[in-house]
Amino acid sequence: MRNRLMWVLAALTALAVIGFGFPLAASIADARTQQFVLSRDSDLQRFVGLASGYVTTGNPGSLFDEMRIYNELYGDKLAVVSTKGMPSHGEGISPDAPAISESVSRALRNQAAADLGALTPWGPDEVVFAKPVGTDGQLDGAVLIVSSTRAAKADIGQQWLYIFLGMVAALIAFGVLAVAVSRWVLRPLELLSHRLRRLTASLPFGSPAKEPQPAPDTELVRQGPPELRALAQSFEQMAAGVERSSLSQRRLVADAAHQLRNPLAALQLRLDFLEPHVSPAGHTNYERAAAESLRFTAILDDLLALATAEAPLESTEKQKARCVASSVAADRTEFWQGAAAGRGALLTFDGGLAGADSAPDAPATAAAITEAALRQVLDVLIDNACKYAGAGAHVQVSCASVPAADGTGGSVAISVADNGPGVSADQRARLTERFYRGASSADRSGSGRPGTGLGLAIADALLASFGGSLEFSATPGGGLTAVVRLPAALQRDAQHYPAETEPGDGDS
């Protein structure tokens with residue numbers, strides 16, 4: 001690829017240098033030719049004035065001396081021809097020479113001299129200039145100068161040599177710059193292509209030898225250099241391999257959790273049968289073993305839920321998903337009020353968020369999420385709030401529609417706020433990490449059984465799959481506030497969507 005890029009850059013550079021150098025060389029040649037012609041025309045006009053008396057009366061005056069001095073000084077040849085019978089006179093050339101006869105004839109016919117054009121280093125060594133003597137109505141003779149172009153051609157050749165050397169220097173400089181730039185640009189691309197090929201070959205489900213690869217986009221194959229097309233194909237294969245690998249990992253987690261549930265259920269059953277036969281001395285160890293068995297079962301259930309939550313949804317499923325978030329929030333609040341009272345907490349529902357600009361009578365309808373998914377998320381948040389806020393805490397669930405600043409779209413916000421001991425800022429940033437639990441979570445749960453550390457990770461994955469988000473902040477006055485944000489349904493869709501919810505079992 002570097003060679004092709006270098007050829008392209010070299011061609012563009014050559015065109016640019018030639019496009020600048022050739023017009024400059026032509027301009028220099030034209031300017032030097034014009035200077036040469038004007039100088040000889042001025043000299044010729046002076047000799048015409050000196051020769052006007054000689055061609056009519058035969059009195060040369062200072063004409064012959066001036067012609068001799070001019071010939072000796074500049075090396076140019078001169079000749080004077082008379083139509084009045086006076087003898088012709090030349091310096092360095094005979095007036096009757098065939099080489100100047102045509103120019104003499106043109107001058108005596110008062111015709112303009114032939115166009116000289118621009119001088120070049122390989123042009124003629126001599127140029128004839130002729131001018132008639134007399135008036136338009138009476139031509140008495142002509143004056144000719146046969147001028148050497150060697151000096152003018154030498155000047156033009158010297159200037160052209162400078163231009164050529166400058167063009168060569170520019171080509172070399174641009175070539176060095178092109179090599180440096182191409183290496184600077186292409187080196188990361190080559191490294192990326194090499195690493196991408198290695199990564200694609202190392203993927204457990206991305207090797208072309210193991211299974212056929214999906215055909216890459218036709219536009220990626222047909223356009224661009226071969227290296228970039230190969231890079232695009234490698235990227236397509238890597239993306240397909242990563243997708244299959246991710247799917248395989250989720251399946252592995254789900255299958256492992258599903259396969260382990262039966263042995264755990266059998267183990268739990270045997271523990272239950274064993275309980276009457278446990279001696280009082282071993283009863284404490286028996287209870288710990290039974291608790292760990294139940295915890296293991298809860299972890300497997302949460303792993304299954306997490307694998308399901310992380311599964312990507314089809315775009316059509318997201319478009320069809322829609323629910324009345326305010327009704328779901330009210331239903332889950334009512335469902336968890338008994339459990340909250342058993343833990344010594346007060347659980348209430350408020351239809352609006354503090355400071356939210358929403359219509360009080362309009363239901364908050366969320367788009368791109370199902371009621372089952374929203375119930376699962378709220379069950380986790382409400383259960384955690386009631387569990388960790390402590391006895392005597394107040395947990396308030398709120399829901400409201402939040403319009404967008406530009407008046408289009410908007411969002412639905414559901415908050416679960418408690419006035420418990422709260423969570424520090426560094427811990428809030430890690431609440432959705434898998435298996436992460438705060439240092440005092442077990443002490444504040446009051447249940448005697450620690451959680452699995454997957455509930456908030458499941459809720460966050462569910463919301464992310466539906467285009468929502470989960471945010472945590474400190475409750476004013478103390479405590480923790482969890483806010484669920486979901487895209488709001490369009491008003492025309494919300495009006496036709498039935499506000500119904502189905503009560504179900506909560507699962508934290």
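Colleague: In which helix is Val-176 found?

Modeller: Val-176 is found in helix α5, which covers residues 150-202; helices here are DSSP runs of H or I with at least four residues, strands are runs of E with at least two, and the numbering starts from the N terminus. This is a predicted model, with residues numbered from 1 along each chain as its sequence is written. Local features need pLDDT of at least 70, side-chain atom pairs count only at pLDDT 80 or more, totals for chains, interfaces and linings use all residues, and side-chain values use heavy atoms, leaving out hydrogens and water.

Colleague: Why is Val-176 called exposed?

Modeller: A residue is buried under 20% relative accessible area, exposed over 50% and partly exposed in between, with a 1.4 Å probe and protein chains only. Val-176 has a relative accessible area of 55%, and is therefore exposed.

Colleague: Which residues form a nonpolar patch on the surface?

Modeller: The patch is formed by Leu-161, Tyr-162, Phe-164, Leu-165, Val-168, Ile-172 and Val-176, which together have about 680 Å² of accessible area, calculated by the Shrake-Rupley method with a 1.4 Å probe and, for residues, with only the protein chains shown counting as cover. Patches are made of residues with over 30% relative accessible area and no salt bridge, joining like charges within 9 Å and nonpolar side chains (Val, Leu, Ile, Met, Phe, Trp, Tyr) within 5 Å.

Colleague: What makes Ala-26 partly exposed?

Modeller: Ala-26, found in helix α1, has a relative accessible area of 37%, and that value makes this residue partly exposed. Ala-26 and Ile-156 are 130 residues apart in sequence, with their C-alpha atoms 9.7 Å apart in space.

Colleague: Is Thr-149 buried or exposed?

Modeller: Thr-149 has a relative accessible area of 0%, and so counts as buried. Thr-149 has its place in the loop between β4 (139-148) and α5, and lies 5.2 Å from Asp-125, C-alpha to C-alpha, although the two are 24 residues apart in sequence.

Colleague: How do you know that Arg-40 and Asp-76 meet in a salt bridge?

Modeller: The term requires a side-chain nitrogen of Lys or Arg within 4 Å of a carboxyl oxygen of Asp or Glu, and in this pair the distance from N to O is 3.1 Å. Arg-40 lies in helix α1 (residues 2-51) and Asp-76 in the loop between α3 (63-74) and β1 (77-82), so the pair ties together parts that are 36 residues apart in sequence. Both residues, Arg-40 and Asp-76, are buried.

Colleague: How many salt bridges does the structure hold?

Modeller: There are 17 salt bridges in the structure. One of them joins the side chains of Glu-371 and Arg-375, at 3.7 Å from N to O; these two are four residues apart in helix α11, and are therefore separated by about one helical turn. Glu-371 is buried because its relative accessible area is 12%, and Arg-375 is buried at 16%. Asp-383 forms a salt bridge with Lys-387, with 3.8 Å between the closest N and O atoms.

Colleague: What makes α10 oblique to α11?

Modeller: Two packed helices are described by the angle between their axes and the distance between the axes. Axes are lines fitted to C-alpha atoms, for helices over the stretch in contact, and angles between N-to-C directions run from 0 to 180 degrees. Helix α10 (residues 325-342) and helix α11 (residues 371-388) pack at about 40°, with axes 10 Å apart. That angle makes α10 oblique to α11, since under 35 degrees counts as roughly parallel, over 145 as roughly antiparallel, 65 to 115 as roughly perpendicular and the rest as oblique.

Colleague: Why are α11 and α14 called roughly antiparallel?

Modeller: α11 and α14 pack at an angle of about 150°, with axes 9 Å apart, and are therefore roughly antiparallel to each other.

Colleague: How many of the residues of helix α14 are buried?

Modeller: Nine of the eleven residues of helix α14 (residues 455-465) are buried, which leaves the helix mostly covered; among them are Leu-456, Ile-458 and Leu-462. Just after α14, Gly-467 takes a positive phi of about 85°.
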